[in-house]
Structure formats: structure tokens, C-alpha cells
Amino acid sequence: MTRQMTATSVQDTHMPDRVPLLRHIISMVLLFALVLGIVGVNPFRQTLAPMDLLLAYPGWDNAGIDTPLVNIERSDALDHRLPNWREFRRELREGHIPLWNPLHQLGAAGIQAPIYEGLSIPFLVYALTPNEAMGYTFAILSNYLLAAFGAYFLLFFMFGNRVAAVFGAMVFAFCGFNIAWAHWPHVTTGALIPWVLATQLRYWQTGRLSWALGFSFSVALMALGGFPFVALLGTLSSLTLAVILLWTELWSAGINQLAIRRAMGLGCAGIAGAFLALPGLLQVKGILGSTDLSSRTGGTWFTPYDIIYMFGFDFVNHFRVERIFSAGAPAALLALLALCLIFKFPNRFAFFGLIVAIFMLATVFGAAPAELVEAIPGFGFNAWSRGSILFGVSAAILSSYSLSIILPSMESVSPLKINSSYKLHAVLFLCVLQAINLGYWFRQYNARPDIDTFFPITPSLSYVLSKILPGQSVVADNSFHVSGFLSNYGLPELFAHGFRTDAQRKIIADILPSFQTTYTASVIQCSDINFSSRDITYAAIRFLLIKDNCVDLDYETAGTGQRATLPLNSGALNGDLLIDKSMNATNVQVLLATYDQDFAPSAVTLDLYRDALLVAHAELPPEAIRNNQFATFRFNQDIPLTAGTYRYVISMIKPDSEKPLSAWAFETAGGATYRIGSSVFPGMPMIKIGDRVRTPRNFSTASVEPGISVIENHAVSGSAYYVNDLSGQPDADFGPVHLATYRPDDLTVEYSGATHGWVVFPIRINEDWRATLDGKPVELKKFLEFFPAVEVSGRSKIRFYYDSSHLLKTLELCIAGFAASVILLIMVNRRTSGSQTGSLNAAE
């Protein structure tokens, strides 16, 4: 092994004071401009918030704002991140620390829980910016700037080459993982990985206490970033770098006191960072400890073969968040070149990048046996494909290493005998190509809608907001896409995104048996809502916002296979429907294809005949027909249909339109056929006939805007209620309970009744909630194992409050642990003349 590879890592050749500060400033300004250019947003006119997805759904059709849909995979930002951020921001601006969030599934830990990112730098940027839409844009930009600047320092400390460091910083900041997960805590956490590695490396090289403290704070911020699995990957990378640094030091200089002190110093600094993050991590432990994670398993989308997509070709065929990892074609070429150069010009940091790449191949791409990978802590219940952030780390290091060989710094001599002018032009070309490549794919994934699209109000939302009381909540169907979207407007949602306890799952399954779309998300079909469920009232669900044509399906065609029919431009689509029971039809739905156009090229009519008699007619305008969605032909009145055979006719008003319109049909349907013009085809169009949803007497419907109905549950008349028993299904009586004072984490209700029973406030609580009865502490029970309840025997005043004393005690202990670790670090870091070896003197 050559001396170049094994030169002691504390022998520093890239000291900051040896490079004019101006050059670093120029590099940072250039990197800042590159980040802004790649993102390509004007924060004064545009926002990076995914409002394109919000406005794509009918719930916002009457907001008067429209924007093209760029990406359908941004729902987590709208049903998880932004609802929490908006609540935290509002509370902070009102002068309160949001320790409790009443919106998230009717109650959840607040800003102190890292999984909600309230302890992150991006949230701080968002909260401090006066304009909220602009603040969110700056928050996203801050993540990319953090990632870029951290990677720049790491790579400069590794290779001492500013051009290579700028290039590698672009590679890491905008690797496929970071582009795809732009609105998730994955990037908030991952952006701190290069800072952890950079401060760790620089402390090893210089022994300066400031770098050790930087390492502590970087570790803490990474741990609090919001996504534990990415933090685990950062920790594994840091441990790998530490092993390489220590091993190369011992190989070249043998065991020496200063190397041991540096290793001990890093250990103390890491422990100090862990103490800073511990209060938040304990909150995460408490949340995860109360949920069933058994359905979350490890595994990956990738195979070892998929590594060939590192050039970015996968964007076309695998345009999904979970599959994107490429860091750009130029970076991939330079990383492959590094695999050749590393054996001719050995470098310990290039070997570190190679080791990270090998680990990534073994885990992310499933090259290692699954049993072995699952043995790694955290990999048993996380998707390994999310470890593709390590591709960004390794690609940044390896590509920077190649550039440092091709175009060395001013103080170095190139080992490659190539004309310097050619090398400079080639490197500049690669940098420009890389920026263009990354900027193009960033725009393919992340929308930049106008700033006025940031959570527009609608008539239905205004109506609900004007009437809803604290403690009451809402349910929204798929007109508003995923449950949790309305929490952005300050409306609590039981079905919002997140982990759910067993008790909660029982309640929501009674209201909606098919509530779960993924392990953490729900998309609600209004026809599946069980309006007779008592749990709707127990959960104080006062309003349900649903499509105004919500129906129970009385008839649906069935078959096997699917294909698009000939365009209806060729003639009317008609055939027979055999209805086997009597019904009152309110509408007919037909699955239509507009061939990626925003809407149909023509209005469409549907006629229903019994023998030669026309029994129903409906017409849809072009804008009501969307690509690959069921178009709903509504009748002016309920149409009674008896059992028998009916003929349907679906026609375009303007069949001579240049753009096509087709229906989707089953390829075979029990021998049925359909006709288009004079041609006959086997199969059956995908058609549904619906009857109006019937609600109990305590519900009323208000139609305050076209397309949306607001159903009000009049059984929910207040903020809390009385029950005479905690078992069975007692009546919930809101009459004798009055809300006296309210803060999300401290509220008082007054019970005016004279009978024995229980007062229930319909929120979800945890073990930190307490209660008093007429000023005296009492035991807090649970109704349905979910809602807090206090026993009463007559007129009384009940206070429910969140007790933060346990959190404060933990915080005090952790601050003490942090201080002790820092003191130990200072003691370990002290230098004595006898501890410096000859090689270390060179570093000074």
C-alpha cells in the first residue's frame, strides 16, 4: 500500500488559513447561484409547495385557481408536514410553545417530536418568514443549501480542490433521492449527513475544539431531522469514516497518544450531540412504542441489475419517488472513472466512497442475503430503497476524487499528463452539463406554482370554519384526495396521515371499514362511510365534506382484462345492460379516456332506453370529463329502474372533433358485446349506476358550492359531552357540558348536570395529560380506550392539561449530560508537548 493512501489523516494539507478566504467565498457564492439555478424558482412569484396536487382535486374546483399537475406523489407534504408546520407556526406567532397539536388525528405530540420536523432548520426558516408561501419556498431551499454547503466543505477537506468540491456538492445536494423526496423529512435529515462527516473529518485533521462542537451540533440536528432511518444511515457513514481514519493513522504512524485522543474526542463530541437530541428521540420512542409496527418490513424495490440506471435512464420508465437515485450522467461517468483511478492513485477518502457504494449495493440493491441485511438495526422495518441517499454520498465523493485527479488545485501537480487548457474546458463542460441535467429532473418532479395557489379558500371550507368549535372535527372524502389535507386549514381530522394505535383503529374502522390506503394514509370513498356509527358522534365529527353526487353503487359491470374502445368520434357507443334488481338511479358513471388531454374534446350525452322508451338522459360538458376517471352523468331526478334489460347510448355532441375520446371496457364480460358505429366488439364498458346515499335524521346536507356537499352531524352540538358509563355504547349528551376556556394543551369544561357519569373531551391524549376536578387532581380515565374522561357526580369544573414537567426534567438531565460530555471533550482535547509525534508536528 502506498504512502499516499496511508498518510496520516491528522497530517493536514488543506488548512483553511492556507487558502485565501476570498476563494472560498467565491466558491460558496457560485454554489449558492447553482442551487438557485437548479431549483429555478422565483420566491416572490412562485412557491415550491405542491399546490399542483392540491388543486388537482374537485374539492378545490371552486377556489378560482388552476395550475398544471406536475407530480402526483407529493401528498405527504400536504397531509403530514404542512398541517403540522402551519399549526406550530401559528402557535409560535401567538406566543405559545406548541407542545400539543390538536389537529393531527385529533391530538399528537407537538413541536418537540422530531418526526414532525419542528426542531429543524427548514421549519425555523419557514416560521420566521412573514409570507407563509415564500417561507415554505425558503425552507425547501435551505435544505438544498445546507446539503450543498456541507458537501462542499467535506469534499474540500478530503481533496483540497475547490472545483471538485463545488461539483460534488451539486451531486449530493441534487442526487435523485434528494430531488424525489424534496418535501419529506428524508431530505431534512440527509442534508446534515455531509456536515456530520465534514466536522468529524476536520476535527481529526486539526484537533480544534470548534470542529468537535460542530460535530456535536451536526449529530444532534441530524438525529432531530425527522426521519430516523436516514439518520441511521448517516451514523453508519460516520462510523465507517472514523474506522478508516483511525486505521490509516495506525497503519502509517503506529499507535500514538494524539490519535487516541482524537478518537476519544470524537466519541465525547458524538455523545454530547446524542444528549442534545435525546429529549426529542424519547418522544419518537414514545410514539412508536404505542403503535403496531409489525406490518412494516424491510426490503427494496431494486435488484442488483438496477444499478445501471445510475445514469438517469430510469426517470422515464420508473418515474416514482421510491425508485429514483441517479445523481446525473456526468457524476455517474466520473464515479466510474474513479473506480479505475483509485488503484493507480490510492486515496483513503476515495476508498471511503467505494465502501459506501459497496454497502449501498448490498442493501439498497439487494445484493446481500436479506437475512443478513435485516440483522442491521433499523433495516428490519424500513424500506432499504430509501438508503439510496448513500448513492448521492458515494457519487459525490468518487466524482470529486476523479476531478481532483484530472484538474488538481493550484498548489498541486496533476498526475495525469494532459494539457491543462483541455482539462479545464472539459471540467467546465461537465459542470455545466451536470447543472442542466439536475435542473431538468428537479423540474420534472417538483412543481413551482404561483404564490397565490398556497392553500386557497373555498365556500365549503369557509362555511365549516365559521361553525366548527374546539374539540369538533371533520371527515373529507376523496374529493379532497388524502385525509389530512383539510388539517392545513385548522380542521382536525381523525383519519389524517400517521401511525395509529389499536384503539384508534377500532374507532375509525367502525366509521369506515376500508379506511386504510397505506399503513399511514387514508383515502375515503363517501359511499363507504357508515353514517349510523355511534363513533362519528363519540369522535365529535361534526362535518363531513363529500362530493355532492355521493352514491351507493347499485349496479356495476364486471369482466376480465381491459382496453380502450375505438374513439367515440367513429360513432356512438351502445350496448345492453342486464339489471337484476329494482333501484332508484341518481347517476351513471362511465370510465373515459381523453388521451392525456385536460378534458374531453366535446360534450358527451348518455341515454338509457327500456325497449324503445327513453327513460333517462344526461349531458356532461367537456371540462367535467377527465382522463382515465369515471365521468358522472347526473340525472335531474331519481330514475326508477325495474329489473330487466336496458340499452345505453353514449355519444359525442361533436364527433368530428380532431382529438379522440374513448371509453374503457372489459375485454370479456360473459359473452356481452358493445357497438361503436356499425362495428361490434366483445366485452363491456366500465359502467356504474348509483343510488343516493341515505343519512340518519340527525344529519343534514348543505350545498354551498357546486360539486361539494357539507353534511352536518347535529348530534355534535358542543366541544365535550357526558356519558353515563364508559362501557358499551352510551348516549353522548353535549347539552350539560360547556367549554369554559381553551388552549390546545390546557382547557376547562363545566358540567352542569346533577347525575353521576363521565365527562369526555373528544381528543386523543397520551400519558402526559392530566386532569383536575374543581381544582383537585383526579385520575384520568379513557373512553373507548382513546378519549380522556373524568368521573363526575354533579355540577363541577374539569380541567384537562398537558403536563410538560417530565419533558423539562429530561431536558435538564440531557443538558447536564451534554455539559459533562463537553467538559470531558475539553479535557481529552488538551495538547501537551509530549503527545505530539513528528508527523503531527507537520500538521501544525
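**Overall picture**

Guide: For 844 residues, a compact globule would have a radius of gyration near 28 Å, and the protein chain comes out at 31 Å, which agrees. Keep in mind that this is a predicted model.

Visitor: What does the C-alpha trace span along its principal axes?
Guide: About 100 × 80 × 50 Å.

Visitor: And how many helices and strands are there?
Guide: The protein chain has 24 helices and 28 strands.

Visitor: What share of the residues is buried?
Guide: Buried residues account for 57% of the 844. As for the surface, the chain exposes about 34,000 Å², with carbon and sulfur atoms supplying 60% of that.

Visitor: What about contacts between residues at least 6 apart in sequence: how many of them join residues at least 24 apart?
Guide: That comes to 76% of them.

Visitor: OK, let's switch to helices. What's going on with H15?
Guide: H15 covers residues 329–344, which is 16 residues. At 1.5 Å a residue they should span 22 Å, and the end C-alpha atoms are 24 Å apart, so the two values agree.

Visitor: Where does H15 bend?
Guide: At Ala338, by about 30°. Ala338 is also one of the buried residues of H15.

Visitor: Which others in H15 are buried?
Guide: Among them are Pro330, Leu334, Leu341 and Ile342. A handy bit of background: an α-helix has 3.6 residues a turn, so residues three or four places apart point the same way.

Visitor: Next one: where is Trp204?
Guide: Trp204 sits in helix H10, which runs over residues 193–206. Its relative accessible area is 2%, under the 20% cut-off, so Trp204 counts as buried.

Visitor: How far is Trp204 from Val432?
Guide: Their C-alpha atoms are 34 Å apart, and the two residues are 228 places apart along the chain.

Visitor: And Ser238, buried or exposed?
Guide: Buried, at 9% relative accessibility. Ser238 belongs to helix H12, residues 228–253.

Visitor: What does Ser238 touch?
Guide: Leaving out residues up to four places away in sequence, Ser238 touches Val196, Leu197, Gln200 and Phe215.

Visitor: Which side chain does Ser522 have a polar contact with?
Guide: The side chain of Arg500, at 3.1 Å. Beyond its neighbours within four places in sequence, the contacts of Ser522 also include Val482, Ser483, Phe495 and Phe515.

Visitor: Last topic: what is the phi of Ala540?
Guide: Ala540 has a positive phi of about 55°, although it is not a glycine. You'll find Ala540 in the loop between H22 and strand S4 (541–547).

Visitor: What about the phi of Asn628?
Guide: Asn628 also isn't a glycine, and its phi is positive too, near 55°. Asn628 is in the loop between strand S10 (613–620) and strand S11 (629–641).

Conventions: Residues are numbered from 1 along each chain as its sequence is written. This is a predicted model: local features need pLDDT of at least 70, side-chain atom pairs count only at pLDDT 80 or more; totals for chains, interfaces and linings use all residues. Side-chain values use heavy atoms; hydrogens and water are left out. Helices (H or I, at least four residues) and strands (E, at least two) are DSSP runs, numbered from the N terminus. Buried means under 20% relative accessible area, exposed over 50%, partly exposed in between (1.4 Å probe, protein chains only). The expected span of a helix is 1.5 Å times one less than its number of residues. The bend at a residue is the angle between axes fitted to the seven residues ending there and the seven starting there. A polar contact is a pair of N or O atoms within 3.5 Å; within protein, one must be able to donate a hydrogen and the other to accept it, and residues adjacent in sequence count only if both atoms are side-chain atoms. Contact means heavy atoms within 4.5 Å. The radius of gyration is taken over C-alpha atoms; the globule rule is 2.2 Å times the number of residues to the power 0.38. Accessible areas come from the Shrake-Rupley method with a 1.4 Å probe; for residues, only the protein chains shown count as cover.
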